[in-house]
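Visitor: Hi, I'm new to this one. Could you walk me through it?
Guide: Happy to! Here it is.

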Amino acid sequence: MTLLKENPDLRFIIDILGKNGFQAYVAGGAVRDILLKRKPDDIDILTNASIKELISLFGGQKLKTMGKTFPICTINGIEVSSGRAKSDPANFPESDLAQRDFTINSMAWDPISQKIIDPFNGKKDLEDAIIRFTKDPEKRILEDPVRMIRACRFAALIRGSFSLSSLELIMEGKEKIDKYVAKERILCEIMKAMALKRPSLFFKALKKTGLLSKIFPSLDRCHGLDGGPHHGETVFEHCMLVGDALPENLPILRLAGFLHDAGKFDAAKKTDGKLTFANHENHTGAVIQDLTKLRFPLKDIAYITSLINTHMRPLTDQTTPKATRRLLFMLDKSGLDYKDFMRMRIADKKGNLAKRPYTISQIRFRLKKLFTEMAGQPSGFSINNLEINGNDIIQILGLSPGPCVGKIKQQLFEIVLDNPLKNNVNDLKKICLSLKIKK
């Protein structure tokens, strides 16, 4: 391992601990990631030094302590944990590793011997792509039930499956999610899953264990729902394909992709023997309820809802300039960027097995339509960009202030959307005078 060469702070901490008679190991996720040939997101040090001893040894460094059940501290940004099993210090670090969640996370690397300490065969489980709770599965779940969701995330990470005992205990213990796990922690696991190569594996693992019905019942009910005559896959499968097709660095957009067609369950109807989902993009109540329950920020809920509402808006070869301007106005009104609209449209097409994905030329053609209309009007064109205001309308028509003025402004705005060249004082004045006004 080249960890020490690449990270001088890590080497410094391990050297200080060793010189003062303490054991120090790189533990947990970093070992797993290195065995997977991935760059570790975080590097943790496990030591038999107490928190007080760490404070004494590293008092001159950037040091911060946290945690009560499992006290840890960060030294120069690196997490250092004091052994969890104080009752069995003679068997350190095995005594600590025995209390970690999964075997693939219960390994340690000894920088002195350059060997991996693997008391629970985590390396073998990693090679076999098996998620297995460490030592006592039931106890591991009772200690922290959110580990059931983490099991699904790690199964997606290694593209693996569960050991039989782990799967059975998660299925039996899924009710603990509602009783003992803070919603914010579930949200955190969901967002971490969005950064995976294929988050669909996370959702499929949630479905297999029965946890999806506890977390996203709006999506769970779509499992097995026929996609209709225009799709070659079920609604659930379509949502999985769309979510995977969206960028890893845009997690909320990606989550919207996984949820974008959840309203089809409520919209589903049989018409002339065919399954239809008319206006399914407006059936967002169940998704909003799930996101609210999970404590998602209001801005994220609004963003996801707007993406769902707009994902069916057409942008084709036949879309007129007038319709394109109306689309841009709708996106602006919804607080959406045209780029996210296009990303969703491209992913939605890619996730339909009955149709071909957009070609590069088709994408460019659609973008050109948007760019042409955006160039002809102010960015974020709205009713307040009209060249005359409410006071002007009152003077032109001799009206008194009231709701009538707002209705006239809306009429003018609709006309300007159809023909931006009419957004000038003279034309708008003529249009005002031609309108039939009920004073």
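**The sheet and a helix pair**

Guide: In this predicted model, seven strands make up an open sheet with mixed pairing, running in the order E3-E4-E5-E2-E1-E6-E7.

Visitor: Which strands are the edge strands?

Guide: Those are E3 (63–66) and E7 (115–117), each of which pairs on one side only. On average, neighbouring strands in the sheet are turned by 30° against each other, direction ignored.

Visitor: And in what sense do E1 and E6 pair?

Guide: Antiparallel, over two bridges, between residues 24–27 of E1 and residues 108–110 of E6. Ala27 has Ala108 in E6 as its bridge partner.

Visitor: Which strands does helix H2 touch?

Guide: Helix H2 (residues 8–19) packs on the sheet and touches E1, E2 (44–47), E4 (72–75) and E5 (78–82). Its direction makes about 5° with that of E2.

Visitor: Let's switch to H15. Which of its residues are buried?

Guide: In helix H15 (residues 235–245) they are Val235, Phe236, His238, Cys239, Met240, Val242 and Gly243. Their cover includes helices H12 (200–209), H16 (251–259) and H21 (338–350), among others.

Visitor: At what angle do H15 and H21 pack?

Guide: About 135°, with the axes 8 Å apart. That angle makes H15 oblique to H21, and the crossing is right-handed.

Visitor: Which residues meet there?

Guide: From H15, His238, Val242 and Ala245 meet Met344, Ala347, Asp348 and Lys350 of H21. The residues of this contact divide into four nonpolar, one polar and two charged.

Terms used
Residues numbered from 1 in each chain as written. Predicted model: local features only at pLDDT ≥ 70, side-chain atom pairs only at ≥ 80, totals over all residues. Heavy atoms only, no water. Pairing = 2+ DSSP bridges. Helix = DSSP H or I, 4+ residues; strand = E, 2+ residues; numbered from the N terminus. Axes fitted to C-alpha atoms, helices over the stretch in contact; angles between N-to-C directions. Contact = heavy atoms within 4.5 Å. Buried < 20%, exposed > 50% of the residue type's maximum accessible area, 1.4 Å probe, protein only. Parallel < 35°, antiparallel > 145°, perpendicular 65-115°, else oblique. Left-handed = near helix turned anticlockwise from the far one by under 90°. Nonpolar A, V, L, I, M, F, W, Y, C, P; charged D, E, K, R; others polar.
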